[in-house]
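Here is a short briefing to read alongside the structure. Take a moment to find your bearings, then follow the topics below.

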Amino acid sequence: MNDDLLKDQETLTLREVCEHCSLDQEAVVAYVQEGLVDVKGNNSGSWRFSEIHMIHIQKASRLERDLRLNPAGSVLVLELMNEIDRLKKQLKFLQRQDNKD
Amino acid sequence: MEYKDYYTVLGVEKTATAEEIKRAYRKLARQYHPDLNKDKKAEENFKEIGEANDVLSDPEKRAAYDQLGQNYQAGQDFTPPPGWDQGFEFTGGPAGGNAQPEDFSDFFSDLFGKAQHQHQSEQRQPNFDARGQDHHARIVINLDDSFTGEKRQITLKMPELGPDGHVVLKHRKLDVSIPKGVREGQHIRLKKQGAPGYGQGEPGDLFLEIEFRPHKLYHPEGADLYLDLPITPWEAMLGSKVKVPTPAGVVDLNIPANSGQGRKMRLKGRGIPAKTPGDLFVVLQIVLPPADSEKAKELYKTMAKELDFNPRSHLANGL
């Protein structure tokens with residue numbers, strides 16, 4: 001079995017991402033417009049996505065669906081969650097040092 | 001099967017209005033959504049909350065449920081009396097979009113599942129080809145596995161629809177290659193190990209998100225590692241050469257004189273091994289020798305007498 005570590009090389013087209021995530025083009029374009037993923041150019045035909053981009057798009061789409069958000073909202077939630085996770089880890093680490101006394 | 005008290009699940013009174021139920025559901029959904037809540041039970045709770053909302057927000061279902069459950073309490077043994085749903089017409093599927101049959105408890109499936117299955121089998125016609133859904137799971141591995149790359153067998157618990165229509169929790173054993181240099185939060189894709197496809201469609205993939213178990217030495221941050229290094233006050237103040245463990249083996253570290261508590265020393269490229277390896281940050285932890293012998297106490301008294309040192313001089317006058 002071929003196990004892949006998800007790469008950050010950008011090889012997927014908009015169409016492939018839509019198919020893979022079962023989303024329509026409008027939905028994915030909306031995430032691009034919110035800046036969720038970093039794709040180059042204004043021509044959606046030449047956009048290339050990585051598998052990691054795809055995971056982010058899937059997450060945003062689940063939040064939109066389950067929590068009745070719009071694209072701007074779900075992207076903001078994702079960004080805030082990432083920041084919260086980062087802070088929690090940092091806090092845990094810093095508290096560990098305090099406990100050594 | 002067990003009776004489920006949906007009112008308790010949502011934290012509302014049995015007399016709650018539709019609006020109150022909606023509000024309670026929305027608040028809990030935000031709290032337990034698995035993408036926002038990393039707790040092990042979050043996903044299970046989220047599904048239960050969704051199920052409770054599905055029943056209590058649908059007037060037909062709620063009426064039937066209320067009539068049925070008049071004399072029952074959560075957890076009690078329960079069988080639906082024959083003909084209980086006479087007069088009630090349940091239309092269609094759940095409010096939650098992509099729910100699969102295995103997303104619902106036995107209790108729900110037994111009571112409302114018929115309409116569920118009808119709705120869903122209407123959606124999946126045999127001549128409808130589509131790729132199966134992707135599954136996501138989180139796996140916890142040892143940091144050491146990332147240093148060397150390892151093949152590991154992991155067991156996942158996946159809910160599946162059994163032959164009799166009840167949900168069974170199936171244990172799946174999978175062989176996974178942990179790539180060398182993998183970091184927390186990265187995903188490994190196991191092709192075609194997700195949900196089966198429809199018609200001629202291919203199965204979806206299984207995505208495993210990496211999480212590390214706490215390690216006794218290192219704390220990972222991205223590709224970097226942090227190591228607390230206990231040193232003596234004289235090693236810190238006079239400078240010294242000490243041995244430090246790294247994933248690739250023990251190395252020598254020069255501690256400059258007058259190093260303060262918490263000083264971070266960077267060992268470039270000695271973090272998580274990879275094509276572009278992370279760094280190892282050694283955090284100096286100055287440890288005071290205990291004054292547990294006469295000799296030690298004498299030495300401390302000498303220091304107190306001979307060193308002109310007041311760490312509180314900045315606090316206020318006369319301190």
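A contact here means that heavy atoms lie within 4.5 Å. With that in mind, among contacts in chain B between residues at least 6 apart in sequence, 57% join residues at least 24 apart. Please keep in mind that this is a predicted model.

**Chain B as a whole**
- Chain B is built with eight helices and 11 strands.
- Of the 319 residues in chain B, 38% are buried.

**Two packed helices in chain B**
- Two packed helices are described by the angle between their axes and the distance between the axes.
- In chain B, helix 3 (residues 42–56) packs against helix 4 (residues 59–68) at an angle of about 100 degrees, and their axes are 6 Å apart.
- Helix 3 of chain B is therefore roughly perpendicular to helix 4 of chain B, because angles of 65 to 115 degrees count as roughly perpendicular.
- Where they meet, helix 3 of chain B brings B:D54, B:V55 and B:L56, while helix 4 of chain B brings B:K61, B:R62 and B:Y65.

**A nonpolar patch on chain B**
- On the surface, B:W234, B:M237 and B:L238 form a nonpolar patch, and together they have about 360 Å² of accessible area.
- You will find B:M237 in helix 7 of chain B, which covers residues 233–238.
- B:M237 has a relative accessible area of 39%, so this residue is partly exposed: the partly exposed class lies between under 20% for buried and over 50% for exposed.

**Chain A as a whole**
- Chain A has four helices and one strand, and its elements run β-α-α-α-α from the N terminus on.
- Buried residues account for 40% of the 101 residues in chain A.
- Among contacts in chain A between residues at least 6 apart in sequence, 59% join residues at least 24 apart.
- Chain A exposes about 6,300 Å², with 47% of this area supplied by carbon and sulfur atoms.

**A closer look at A:E34**
- Look for A:E34 in the loop of chain A between helix 2 (25–33) and helix 3 (51–67).
- Its relative accessible area is 36%, so A:E34 is partly exposed.
- Which residues does A:E34 touch, not counting those up to four places away in sequence? They are A:P71, A:A72 and A:V75.
- A:E34 and A:G73 are 39 residues apart in sequence, and their C-alpha atoms are 9.5 Å apart in space.

Notes. Residues are numbered from 1 along each chain as its sequence is written. Chains are lettered from A and ligands numbered from 1 in the order in which they are written. This is a predicted model: local features need pLDDT of at least 70, side-chain atom pairs count only at pLDDT 80 or more; totals for chains, interfaces and linings use all residues. Side-chain values use heavy atoms; hydrogens and water are left out. Patches are made of residues with over 30% relative accessible area and no salt bridge: like charges are joined within 9 Å, nonpolar side chains (Val, Leu, Ile, Met, Phe, Trp, Tyr) within 5 Å. Accessible areas come from the Shrake-Rupley method with a 1.4 Å probe; for residues, only the protein chains shown count as cover. A salt bridge is a side-chain nitrogen of Lys or Arg within 4 Å of a carboxyl oxygen of Asp or Glu. Buried means under 20% relative accessible area, exposed over 50%, partly exposed in between (1.4 Å probe, protein chains only). Axes are lines fitted to C-alpha atoms, for helices over the stretch in contact, and angles run from 0 to 180 degrees between N-to-C directions. Angles under 35 degrees count as roughly parallel, over 145 as roughly antiparallel, 65 to 115 as roughly perpendicular and the rest as oblique.
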